[in-house]
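Open your viewer and keep the selection tool handy.

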Amino acid sequence: MLALQLLVNGVLLGGLYVLVAQSLNLIFGVMGVVNLAHGAVIALAGLFTYWFTAQTGASPLLAVPIAFVAAALAGAVGQRLLIEPVMRAGGSKSELLSLIVTFGLSYILIELALQLFGADFVSVPYLQSSWTLGSLAFGKALVVAGAFAAGMSALLYLWLNHTMSGKALLAASQSPTGAICCGIDVARVRVTAFAIGVGLAAAAGALVIVIMPVAPQTAADLNLLAFVIIALGGLGDYVGVAIAAVLLGIAQSVAGYYLGGNAEYVLPYVLLLAVMVALPGRFRRVR
Amino acid sequence: MTSSRLALTFRGAVRLAAPLLGGLAMLAGGAGAARAAKPIVIGTTISETGPLATDASYQLKGIQLGIAEVNAHGGWLGRKLVLKYYDDKSSPGAAVRLYQRLITLDKVNLLLGPYSSLVTIAIAPLINKYHMATLEPGASVPDIYEKGNKWNLMNTADSTTYLHQLLPLAKASGAKSVALLGLESAYSLACYHARVAQAKQLGLKIAYSTTYTLQTDFSSIALAIKNAKPDVVLECGYYPDSVNLVRSLHEQGFAPRFLGETVGPVEAAYLKALGPLSNRVYSNSGWWFNFKTPGNKAFIAAYEKMFHSLPDYHAAAGFTAIQVLGAAVTATHSLDQNKIRAWIVTHSVSTIQGKIHDNAYGHTIGAVQDMVQVQHGVLKLIRPAALAQAKPEIPYTGH
């Protein structure tokens, strides 16, 4: 039974990781934009959710669509005015330039969060108990977050592989010139994808705040975690990232139980180094 | 939250405009204004951002209130006080750079230490290199003072006394085993090791123990605790991890008879984040509202008036630092670092926290952290018995 509970805990933790990483996977893994503002978007949306529930008394789940729409609109504007010109001008160095631009953007968003919400860690007391099945415990907040993450991963996978607009995005990311020749409005496709990616990051933030305390400075930790997970799972590989996140969650769950908190904390980075050495090919974007 | 941020923004605008208006006033006032005594500049860093921000913000407010009170009564040596501070981002490296700046570039007259032992340990070599007598309201690890940092002067109860009344209380109530957790940080490890030693001394079985890094997932640790079935769970950490641990224990369906956490539970944000899960959690505080110390009631009233919220013991420690520094400056009629240090280690000062007395190493003697418990959404002092506002409510129920 202990093994089963460790497995459950690991899968639920993996669900949280999928939630944090999958939207970055769309923006970085598929579009090639190294979005260092990803963590800041999650933190900002989480803090907005805290404020929203405090002001209205409403369920934090209501904040999820609000955060998604608001962030998607802001993402679309940001992509058109900031990211797209940089990516076009950058040529072969566009990824590096996007890294620099989003690095600056992350600082602006963190400062914005500090000014709006202060520096304190906050959290929303929602779904704090568990569902039980026999002697197995399933944390409610993690189950909800995991279900959302699974749905998000499935929809992204279906969109990219089984719809015209998704295939258009893949085509535009692989060969912009070829995509234009096929009649694809590359600029429009990229705006749509970036907006969806930022919107999903914000939706994730609205759920993360019910799982763990968030402050503006949490952005850096979330960024690091998300990059490690998509690096382990494969850039642009939605199924791979979901599997890697769940396996990482299980591995951390077991390590934390038997070896303690420090081992659990360091495990993702040890695994990342091991995979970088053993499988360097995983760090190329899906084309 | 919005209104308070707007208020802060307004105060920020006033703060920015103040030097400009002051300059204009000097021009208008001519020679008389120019002859006015230069203010005494007190420098410090504070963790306005980063994992220490929640607790550190109280320390800053205590210092700000202390300085405002002093200025309202004419300042020290006939000179007003000005606070110059920077955000060290909870980063020891950033704090070292900023203290270097405060000492060599800003040339502040006096220094106060940052929040946390972790950051203080990093800046200690600098403080001692420049021989700046630095009161430390937020650094509770005794080794900082006992191991050669003569210019760091402790100003709070040491971290080996955090939650030191919990295990004796639990044992007297029939507890036989304990789970102990410590965050990998200077103060929390000192607390953790002290509680491990205390548990052994009391004959309590240590059913589980671990140290951990700042992390979000406590499910494995909570499961391990659940399987060890301890009567007491005691964690030495900070606010974010204290919230995460309580949630994870609840998710795993385990409620120990006694649950104690240092630092986090005394912050208002803790009660908001956990709601009923916080009920009957024990914590510690070096100061309390009902202390019958000189000026304590006035401190609470002034704090509420200035910040529209209640202080905690970090705020009291910040305020106390100004009280002790003021006593030293006034008694020595000087800003000389040697004289100030010599006075502080040879005199005791009556403060809102009680008598503060540093030994020759700068280690505060006699001060301890008392114990509080969350009872139906309100923190109540339960130890020492002489000042107790309520009896301990046993057991922790987890709901």
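Start by selecting B:Leu163, in the loop that runs between strand 5 (152-154) and helix 7 (166-172) of chain B. Keep in mind as you look that this is a predicted model. B:Leu163 is not a glycine, yet its phi is positive, at about 55°. Is B:Leu163 buried or exposed? Its relative accessibility is 0%, so B:Leu163 counts as buried.

Next, select B:His333, in the loop between helix 13 (313-332) and helix 14 (337-344) of chain B. This residue too is something other than glycine with a positive phi, here near 50°. B:His333 counts as exposed because its relative accessibility is 63%.

Now for some peptide bonds. Select B:Arg383 and B:Pro384: the bond joining them is cis, with omega about 10°. B:Pro384 sits in the segment after strand 14 (378-383) of chain B. Then go to B:Ile394 and B:Pro395, where the peptide bond is also cis and omega is near 0°. B:Pro395 likewise belongs to the segment after strand 14 of chain B.

Select helix 3 of chain B, residues 53-72. From first C-alpha to last, its 20 residues reach 28 Å, close to the 28 Å expected at 1.5 Å a residue. Helix 3 of chain B is mostly covered, with 14 of its 20 residues buried. Just after this helix, look for B:Gly74, which has a positive phi of about 100°.

Time to bring in both chains. Select B:Ser220 in helix 9 (residues 219-228) of chain B. With 0% relative accessibility, B:Ser220 counts as buried. Show its surroundings: beyond its neighbours within four places in sequence, B:Ser220 is in contact with A:Gln252, A:Ser253, A:Gly256, A:Tyr257 and A:Glu264. A polar atom of the B:Ser220 side chain lies 2.7 Å from the backbone oxygen of A:Ser253.

Finally, zoom out to the whole interface, where 42 residues of chain A contact 40 residues of chain B. The two chains bury about 3,200 Å² between them, 50% of it on carbon and sulfur atoms. Highlight A:Phe121, A:Gln128 and A:Tyr257: these supply 20% of the area chain A buries against chain B, more than any other three residues. Across the interface there are 15 residue pairs in polar contact, while the salt bridge count is 0.

Note on methods:
Residues are numbered from 1 along each chain as its sequence is written. Chains are lettered from A and ligands numbered from 1 in the order in which they are written. This is a predicted model: local features need pLDDT of at least 70, side-chain atom pairs count only at pLDDT 80 or more; totals for chains, interfaces and linings use all residues. Side-chain values use heavy atoms; hydrogens and water are left out. Contact means heavy atoms within 4.5 Å. Buried area is the accessible area (1.4 Å probe) that two parts lose on being put together, summed over both. A salt bridge is a side-chain nitrogen of Lys or Arg within 4 Å of a carboxyl oxygen of Asp or Glu. A polar contact is a pair of N or O atoms within 3.5 Å; within protein, one must be able to donate a hydrogen and the other to accept it, and residues adjacent in sequence count only if both atoms are side-chain atoms. Helices (H or I, at least four residues) and strands (E, at least two) are DSSP runs, numbered from the N terminus. The expected span of a helix is 1.5 Å times one less than its number of residues. Buried means under 20% relative accessible area, exposed over 50%, partly exposed in between (1.4 Å probe, protein chains only).
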